[in-house]
Amino acid sequence: MNKSQVESEFIKIKKCIKSVNHHGQIQSCENLVTLFQKKHFEDEMDTVDEMSMDSEIKTLNRLINEVKEKFSEL
């Protein structure tokens, strides 16, 4: 797994989530997170890589939940 590519994609998805300005965009962000996970999660990952990937996925999901809360308040 190319760490710089994973980090780059993580940052792009994070920026995408933070730039959501319409409720309909939330589903697209959730799809991006799912695709990111499927693309980079490998069966042969060692424990450190697996923990790092889990952490990144949790971070992205937390950001999505924050955006959902923001739009539910409107």
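This is a predicted model: local features need pLDDT of at least 70, side-chain atom pairs count only at pLDDT 80 or more; totals for chains, interfaces and linings use all residues.
Let me start with a term: a residue is buried when its relative accessible area is under 20%, and exposed when that area is over 50%.

The mean pLDDT of the protein chain is 90. Of its residues, 96% reach 70 or more. By element, H2 has the highest confidence, at a mean of 94. H3 has the lowest, at 91.

Now the layout. The chain has 3 helices and 0 strands. From the N terminus on, the order is α-α-α. Along its principal axes, the C-alpha trace spans about 45 × 20 × 15 Å. There are 74 residues in the protein chain, and 30% of them count as buried.

On to H1. It covers residues 3–18, which is 16 residues. From first C-alpha to last, H1 reaches 22 Å, close to the 22 Å expected at 1.5 Å a residue.

Which residues of H1 are buried? Val 6, Glu 9, Phe 10, Ile 13 and Ile 17. Look down the axis of H1: those buried residues fall within an arc of 105 degrees, so they line one face of the helix. An α-helix has 3.6 residues a turn, so residues three or four places apart point the same way.

One more residue in H1 is Ser 4. Ser 4 counts as partly exposed, because its relative accessibility is 48%, and the buried class stops at under 20% while the exposed class starts over 50%.

Next, H3. It has 27 residues. Its reach is 39 Å from first C-alpha to last, close to the 39 Å expected at 1.5 Å a residue. The buried residues of H3 include Asp 49, Met 53, Ile 57, Thr 59, Leu 63 and Phe 71. The buried residues of H3 pack against H1 and H2.

I want to pick out Glu 56, which is found in H3. Is Glu 56 buried or exposed? Buried, because its relative accessible area is 14%, and the cut-off is under 20%. What does Glu 56 touch, leaving aside neighbours within four places in sequence? Val 6, Phe 10 and Phe 36. Val 6 and Phe 10 are both on the buried list of H1. Phe 36 is one of the H2 residues that meet H3.

That brings me to the H2 and H3 pair. They pack at an angle of about 175 degrees, with their axes 10 Å apart. That makes H2 roughly antiparallel to H3. On the H2 side, the residues that meet H3 are Ile 26, Cys 29, Glu 30, Val 33, Phe 36, Gln 37 and His 40. On the H3 side, they include Met 53, Glu 56, Leu 60, Asn 61, Ile 64, Lys 68 and Phe 71.

To recap: 3 helices, one buried face on H1, and H2 roughly antiparallel to H3. Thanks.

Definitions and conventions. Residues are numbered from 1 along each chain as its sequence is written. Side-chain values use heavy atoms; hydrogens and water are left out. Helices (H or I, at least four residues) and strands (E, at least two) are DSSP runs, numbered from the N terminus. The expected span of a helix is 1.5 Å times one less than its number of residues. Buried means under 20% relative accessible area, exposed over 50%, partly exposed in between (1.4 Å probe, protein chains only). The arc is that of the directions from the helix axis to the C-beta atoms. pLDDT is the predictor's confidence in each residue, from 0 to 100. Contact means heavy atoms within 4.5 Å. Axes are lines fitted to C-alpha atoms, for helices over the stretch in contact, and angles run from 0 to 180 degrees between N-to-C directions. Angles under 35 degrees count as roughly parallel, over 145 as roughly antiparallel, 65 to 115 as roughly perpendicular and the rest as oblique.
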